[in-house]
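Q: Here is a structure to go through by asking what its labels rest on. What makes each term apply?

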Amino acid sequence: TFFELRADDINLYAPGNFTGTIDKDATVTIGGKFTSTITGDVTSTMLAKLTSTVMGISVFSYAAAVTISIAGALKETFANWTASAKQINISAKKASISDSDGKTLHVP
């Protein structure tokens with residue numbers, strides 16, 4: 001295991017697990033590209049509101065079936081969005097999808 005501070009870079013390596021705890025807020029600003037490769041499962045639990053803003057074009061590609069389950073209402077607004085998958089399943093009590101002009105799109 002190592003944690004290296006080298007000139008303008010920080011490098012770390014752990015052959016085992018990496019665990020961190022932050023008791024208050026955390027802010028990360030990335031001035032360039034961010035790449036993440038995860039070879040195992042990903043689980044994310046949010047206990048409060050999630051707000052996500054993408055200022056550029058969003059492209060999502062899925063190699064397997066995608067299932068999204070939402071306990072409350074789902075509202076999505078897209079100006080330019082592309083998603084491709086073999087199968088996408090979305091379930092919600094109420095769902096709404098609209099374009100950038102606010103026109104509701106058909107949800108079968």
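A: Start with a definition: strands are DSSP runs of E, at least two residues, numbered from the N terminus. Read along the sequence of this predicted model, the pattern is β-β-β-β-β-β. The protein has zero helices and six strands.

Q: Why is phenylalanine 2 called partly exposed?
A: Its relative accessibility is 41%. Buried means under 20% and exposed means over 50%. The value lies in between, so phenylalanine 2 counts as partly exposed. This residue is found in strand S1, residues 2-6.

Q: What makes Asn11, Leu12 and Tyr13 contacts of phenylalanine 2?
A: Contact means heavy atoms within 4.5 Å. Asn11, Leu12 and Tyr13 meet that cut-off with phenylalanine 2, so they are in contact with it. Neighbours within four places in sequence are left aside here. Strand S2 covers 9-13.

Q: How far apart are phenylalanine 2 and alanine 14 in sequence and in space?
A: They are twelve residues apart in sequence. From C-alpha to C-alpha, the distance is 6.8 Å.

Q: Why is leucine 5 called exposed?
A: Leucine 5 has a relative accessible area of 66%. Exposed means over 50%. The value passes the cut-off, so leucine 5 is exposed. Its place is in strand S1.

Q: What makes the nonpolar surface patch, and which strands supply it?
A: Phe3, Leu5, Ile10, Leu12 and Phe18 make a patch of about 640 Å². Patch residues need over 30% relative accessible area, and nonpolar side chains are joined within 5 Å. Strands S1 and S2 each supply at least two residues.

Q: Why does alanine 7 count as exposed, and where is it found?
A: Its relative accessibility is 83%. The cut-off for exposed is over 50%, so alanine 7 counts as exposed. Alanine 7 is found in the loop between S1 and S2.

Q: What is stated about the phi of alanine 7?
A: Alanine 7 has a positive phi of about 50 degrees, although this residue is not a glycine.

Q: What share of contacts joins residues 24 or more positions apart?
A: Such residues account for 4% of the contacts with a separation of 6 or more.

How values were computed
Residues numbered from 1 in each chain as written. Predicted model: local features only at pLDDT ≥ 70, side-chain atom pairs only at ≥ 80, totals over all residues. Heavy atoms only, no water. Helix = DSSP H or I, 4+ residues; strand = E, 2+ residues; numbered from the N terminus. Buried < 20%, exposed > 50% of the residue type's maximum accessible area, 1.4 Å probe, protein only. Patch = residues over 30% accessible without salt bridge, like charges linked within 9 Å, V, L, I, M, F, W, Y side chains within 5 Å. Areas by Shrake-Rupley, 256 points an atom, 1.4 Å probe, with all protein chains shown as cover. Salt bridge = Lys/Arg side-chain N within 4 Å of Asp/Glu carboxyl O.
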